[in-house]
Amino acid sequence: MRMSKIETILAVVCLLLSSCVSHPDVPSSCKETKCLPAIFPDYCDVTVPCNIAPLNFMLPADEYDECVARFTTPDGQQQTYGNGVKVQIPETEWQEILQASKGKSIKVEVWGQQKGEWLSFIPFEIHIAKEAIDEYVSYRLIEPSYVAWTYMEIAQRNLSSFEETQIFNNEITMNNNKIGQCINCHSYQNYKTDNMLFHVRLSNAGTVLVNDGKVSRVNMKRDYTISSGVYPAWHPKAKLIAFSTNRTRQGFHTQNPNKIEVYDEASDLILYDVETDSVSIVSNDSTLLEVYPTWSPDGKFLYYCKSVPLPEELRDKDIRSTFPKIQYNLYRRPFDVATHAFGDEELVYDAASQNKSATLPRISPDGRYLMFAEGQYGCFHIRHADGDIVCMPLGQDDGTRLDLSRFNSEGFADSYPSWSSNGHWIMCSSRRGDGNFSRIYISYFNNGKVEKAFMLPQEDPEQNTFRLKCYNRPEFMVEPVRISVNEFSKVFDE
């Protein structure tokens, strides 16, 4: 689409304004404090990738009038930034700082002006890892509470810059009756986008599937399944996708701090063959709930969650009263890719024996670690304040857990863990901070040691506060989705 003359002029003006970088002087006199600066987001002593976007931050606007920060690289180069209470670094200058500090640390000094007086804070470091992060991440942007079919989108973000683009939105295919739809569960094979999918529910329902770059819409509902496919997992070596098939319900509370409860009345596991458009049953125990499949990196095992039997006195009661008693363990089944046959079920982690419930398993790319979300009950821990991420070595039966205290939050929901393609970065969706909006947090993972989590950087640090959307189901990608929103929408006309 061509820009008008006015739009072109405005674009040029914005470009010129953005190129006018302020390099303020360090205050000549100040009062020393004995504390770290209360910057937002908190980037004090974090470890970040060598290709991450600028870590822009700010001091609290209700406490400070101005902010100045000085960055010093290991070779002694220095640069200052500050505009009001915000520190915003041009991408080109930040990339130079990163390259000069790769494998080492940047020293950051911060000054804040308060009631006409400059205060200096204890300096901190930003550690620059040698390992890069995947260039892209995608997520669904959705309201923090239940809103029926309001505007939502699946977006992708370049992690080395601030470029965000849409993959799809739920308004482009609305019918004449303005019946809305839900879009969810974007998923990729091996972090690439030539084989991917996302779901559309209600109006124009179906799974939008990309197979070798070709877009189609498929219906996986069969007369022997509960529903169409939900919660997908691409096999790493074949055109196969594991799904759960669910009958999901929601409950709403007025007094319980976990305001929304999401639970399944029934759920099974299925396998979809992309090449033949066929659906086969993996597991369908009618007395238990099976959900959240994921493959091992070599494709030889399917991991999943399965509920434990309720006490006999609760088995015939309404699930609306028994859902706080439902807990899930982690299992796996061996898989033969040549025959599509599954072996016997193996218990991987007995969460229920510890009065816990484990969901959303993800295996590290090297196959050495199992990461998952855990809470006291249920399968939707992003709504549970006690939800945390757990990581443990595979193949050990001694209950060893890695220390994820610098990754998890205290008293807020942390859920939907994922690994970068090189296994050096882990990511989750977390409600830390305000308890309402889930945002993306990333940590450096180095041979079992996990460093302090940092929030996804934004060009304007206030965007983390003013964007009234939740970041849902964050997924790493090594490349962007190149199919346009309009091109995706064409499959709904077929």
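Visitor: How many cavities of 30 Å³ or more does the count come to?

Guide: Quick note before we dig in: this is a predicted model, where local features need pLDDT of at least 70 and side-chain atom pairs count only at pLDDT 80 or more, while totals for chains, interfaces and linings use all residues. Residues are numbered from 1 along each chain as its sequence is written, and side-chain values use heavy atoms, with hydrogens and water left out.

The count comes to one cavity of 30 Å³ or more. On a 1 Å grid over the protein atoms alone, a cavity is a set of points where a 1.4 Å probe fits but cannot get out; a pocket is an open set with protein on both sides within 12 Å along at least five of seven lines; and lining residues have an atom within 4 Å of a point. Points are joined across faces, edges and corners, and a volume is the space filled by probe spheres set on them.

The largest cavity holds about 50 Å³ of space. Around it you'll find E261, V262, Y263, D264, L289, F323, I326, Y328, Y377, G378 and C379. Strand β19 (residues 260-273) gives the largest share of that lining, four residues; strands here are DSSP runs of E, at least two residues, numbered from the N terminus. By class, the cavity lining has eight nonpolar, one polar and two charged residues. For those classes, Ala, Val, Leu, Ile, Met, Phe, Trp, Tyr, Cys and Pro count as nonpolar, Asp, Glu, Lys and Arg as charged, and the others, Gly among them, as polar.

Now for the open spaces. The largest pocket has about 1,300 Å³ of space. It is lined by 50 residues, and R140, C182, N184, R201 and Q250 are the closest to its centre. Here the largest share of the lining is six residues from strand β18 (residues 240-252). The lining of this largest pocket splits into 24 nonpolar, 18 polar and eight charged residues.

Then there's the second largest pocket, with a volume of about 570 Å³. Its lining has 27 residues, with Y188, W234, T294, W295 and R362 the closest to the centre. Among the elements giving two or more residues to that lining are β13 (181-189), β21 (290-295) and β34 (470-477). Sorted by class, the second largest pocket is lined by 18 nonpolar, six polar and three charged residues.
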